[in-house]
Amino acid sequence: MTEVRALIPSEMAELERDWQMSPGLISGRHVFLTGFNGCPLDGPPSSDPATQIETAFNAVAMVLAEAGLDFRDVVDMTSYHVGLAEHLALFRHLRAKRLRRPYPAWTAIEVAGFATTGVIVELKVVARLRTG
């Protein structure tokens with residue numbers, strides 16, 4: 001049986017306690033990340049879409065790094081958007097700066113809203129552990 005291990009960067013310890021969820025979990029050969037949105041850990045979301053998108057990607061990068069991984073290890077990404085049509089081109093541009101071939105599977109979904117007012121994006125990611 002495979003042990004499940006939580007990934008909790010020190011900057012996210014309060015998030016883990018308050019929301020009673022793990023920022024990431026290692027299970028088998030994969031890492032499953034909680035959805036990370038455009039709201040920074042220390043304040044309200046920016047009104048700038050680029051800032052929110054980068055905030056979400058930075059949070060994902062922080063959890064991946066806790067497992068010794070980076071965006072090369074991502075195998076699946078689902079992005080949730082409020083106003084998908086308005087910022088899809090920007091999202092694709094900022095996403096392309098982080099990812100390389102072979103690209104992860106990706107699904108983009110329009111949603112009505114998030115728990116935090118003003119948030120326009122959330123990322124749900126699955127990565128694979130490196131062998132060796």
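Student: Which residue's side chain does Arg72 join through a polar contact, and at what distance?

Tutor: This is a predicted model, with residues numbered from 1 along each chain as its sequence is written. Local features need pLDDT of at least 70, side-chain atom pairs count only at pLDDT 80 or more, totals for chains, interfaces and linings use all residues, and side-chain values use heavy atoms, with hydrogens and water left out. A polar contact is a pair of N or O atoms within 3.5 Å; within protein, one must be able to donate a hydrogen and the other to accept it, and residues adjacent in sequence count only if both atoms are side-chain atoms. For Arg72, the side-chain partner is Asp70, at 2.5 Å.

Student: Is Arg72 buried or exposed?

Tutor: Arg72 sits in the loop between H2 and strand S5 (74-81); helices (H or I, at least four residues) and strands (E, at least two) are DSSP runs, numbered from the N terminus. Buried means under 20% relative accessible area, exposed over 50%, partly exposed in between (1.4 Å probe, protein chains only). Arg72 has a relative accessible area of 58%, so Arg72 is exposed.

Student: What does Arg72 contact, leaving aside its neighbours within four places in sequence?

Tutor: Contact means heavy atoms within 4.5 Å. With those neighbours left aside, the partners of Arg72 are Arg128 and Arg130.

Student: How are H2 and H3 oriented to each other?

Tutor: Axes are lines fitted to C-alpha atoms, for helices over the stretch in contact, and angles run from 0 to 180 degrees between N-to-C directions. The axes of H2 (residues 49-66) and H3 (residues 84-96) come within 10 Å and cross at roughly 40°. Angles under 35 degrees count as roughly parallel, over 145 as roughly antiparallel, 65 to 115 as roughly perpendicular and the rest as oblique. So H2 is oblique to H3.

Student: Which residues of H3 make the contact with H2?

Tutor: From H2, the contact takes in Pro49, Ala50, Ile53, Glu54 and Phe57. On the H3 side, the residues are His87, Leu90, Phe91, Leu94 and Arg95.

Student: What is omega for the peptide bond that joins Arg101 and Pro102?

Tutor: Most peptide bonds are trans. Pro102 is in the loop between H3 and strand S6 (105-110). The bond from Arg101 to Pro102 is cis, with omega at about -5°.

Student: Is Thr78 buried or exposed?

Tutor: Thr78 belongs to strand S5. Not counting residues up to four places away in sequence, Thr78 touches Thr107, Ile109, Glu122, Leu123 and Lys124. Its relative accessibility is 13%, so Thr78 counts as buried.
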